[in-house]
Amino acid sequence: MKTMSNIERVLSGGGFVVTSECGPPRGSDGEVIRRKGGLLKGYVDGVNVTDNQTSVVRMSSLASCVLLKGLGLEPILQMVCRDRNRIAIQSDLLGAAALGISNVVCLTGDHQVFGDHKTAKNVFDLDSIQLVGTVKQLRDEGRFLGGDEVHGRPGLFIGAAENPFADPFEIRARRLGKKVRAGCDFIQTQCIYNVERFERWMLEVRSLGLSDRVAILGGVTPFKSVGMARYMKEKVPGMDVPEELIARLKGVPKERQSEEGVRICVETIKRLREIPGVRGVHIMAIEWEEKVPEIVEAAGLLPRP
Amino acid sequence: MIVGDRKPLEEILEMIKSYKKILLLGCNECVTVCAAGGEREVGVLATELNLVRMKDGPGIEIKEHTLERQCDYEYIDQIRPFVEEYEAILSMACGAGVQYVAEHFAQKPVIPAVNTTFLGVTIEQGVWSERCQGCGECVLERTGGICPIARCAKSLLNGPCGGSSQGKCEVDREVDCGWQLIIDRLTGLDLLDRYDEVVAVKDWKTARDGGPRRRVREDLRL
Amino acid sequence: MRLNYPANLKVVKVPCTGRVDVLLMLKAFESGVDGVCLAGCLEGECHYLKGNLRARKRVEYVKKLLDEVGLGAERIAMYNMSAAQGQRFAEMARDITEKIRALGPTPVKAGARAREQGPRPGENEKEKGGE
């Protein structure tokens, strides 16, 4: 094992990993994150904490991870390239390791035009693939990007994201290859609704020999209503929501739609488990964290190892 | 060429409000090509300023003059014989030109009338688009002649990001995704294998990040 | 046709409205006129193919500039007509005169600038013809 990561432990034991996610508050009240974490405890192997997602200022991911660790959860630090240069990034990685955080997911970061500080400067000193390489260099070679020796290597399990449904579709598997060559240990995908299309992507991923070298966790998000499903289908780029799912939700009375959404999610997880090369699931139920225990149980994923 | 946009009239009026006699200096190169500060734009601005000051007072006298360039002292020198007569110089050149005029006439307030924006090209008459950010280490050979620093909103060297959608950038659906363009071009050139190379972190020292830049050719110095 | 049109209209003939550029339109206002109108060929029938279309774009641009300087976009207008439409010409003249009268005289005092160029007696409007 390269690290003390619980995710790594479950994977090396051959288990099917379950991770989830929570967003920090827009203020300094730690209780918010502790409450969300409390809902997930015992049902997941690790919890992602987002990093100023959509460029909206929130409590830092690093601080929130520490609060979750205090509850006995396994935090997964999300780190974007938008706000920090390589000096701050390496510094935060060392700090995270010192505070007992064992997982980091390396992301590009949404452009600041989406958030509440549109006039900010952006950084992007590194891109997400170079960030993966940076973590690997610190951990496995014990060297900073500048070349000096790291005294106390950070034991971080390296994750990244990939969207099998995004444009340009034809290079998404090759891009995964770059992340793997840069040193990525696990991948969390964008939420999957079109399982057939995902299976085709996994076919290409396997043919490139990538699924042996990186653990792929399929992302899922339960629909709360047909309105949410339609919104995601029409308004969110890189999202593939098959018409039959919309029809399923429409065919059910309004007050039962969230139940149906959860059912669809559980079915998706069961199908993902059957796909060779898929080593786990990443459940993103933002602001609906209370549904995660139900989903994990219904998908037959309890008890957690 | 360098592309800019003339400042809003209100802003210019505010900056020159205490002057009654000014020299309005245009430039015959880049700002002429992008129709921001050439002889024609000097004429239009002078007329606009005059209309307002005639209407609202106090009156203003504006001398219109366009130099070949404002980034070479030989041309700036041409206004030396008459610059003293004016209280201030309103320059329509790019930021480099405005500053150079100010350096050569340190006793005269020099005011910019143009917001300088980017290094770009003419797509068609009336449309100009950014192409280069002067990073000092050109990688165009690797990306089929399309710059990932200038044409990707996040300057990614291993793009695209997850926000690319139907060939457009997440920042603005009118803006092309630089990496989609690169991938299409490499595919067309049968060079898509270049895409698989993991590009190492950039040395930003040659860019703005390293500090104000200077270039010297000793062999050309007199 | 010997139709009447208001005497306060000064006609400036040009081979095509496409020849009239932004600066020319602005300078007219600088010289003290109350309004400007362009009479160009019907769209699609420009003798020089696109001149009248370019003129329309420029008139739209000058409208914005006139709003910026506080004179008002309404003081300039473009009309399209064929050489045979004498009625339309008279109509345009009456139309623009009414409009400008309602807006009142130009707030730009002729001032020092116009004095330099010499007085222009009795002139309220300028008009530039097409074809």
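## Interface of chains A and B

Buried area is the accessible area (1.4 Å probe) that two parts lose on being put together, summed over both. In this predicted model, chain A and chain B bury about 2400 Å² between them, 52% of it on carbon and sulfur atoms. On the side of chain A, A:Asp167, A:Arg174 and A:Lys178 lose the most area to chain B, together 24% of what that side buries. Contact, defined as heavy atoms within 4.5 Å, links 27 residues of chain A with 30 residues of chain B.

## Salt bridges and contributing elements

Two salt bridges are counted between the chains, each requiring a side-chain nitrogen of Lys or Arg within 4 Å of a carboxyl oxygen of Asp or Glu. In one of them, A:Arg174 is paired with B:Asp196, and the closest N and O atoms are 2.8 Å apart.

The elements giving two or more residues to this side of chain A are α5 (128-141) and α6 (172-182); helices are DSSP runs (H or I, at least four residues), and strands likewise (E, at least two), numbered from the N terminus. The largest contribution, five residues, is that of α6(A).

## A sheet in chain B

Strands β1, β6 and β7 of chain B form an open antiparallel sheet in the order β1-β6-β7, where pairing requires at least two DSSP bridges between two strands. Because β1 (2-6) and β7 (127-132) stand at the edges with a single partner strand each, one side of each is left without a neighbour in the sheet. Strand β6 (residues 114-124) pairs with β7(B) over five bridges, and B:Gly120 stands opposite B:Glu130 in β7(B).

## Conventions

Residues are numbered from 1 along each chain as its sequence is written, and chains are lettered from A in the order in which they are written. Local features need pLDDT of at least 70, and side-chain atom pairs count only at pLDDT 80 or more, while totals for chains, interfaces and linings use all residues; side-chain values use heavy atoms, with hydrogens and water left out.
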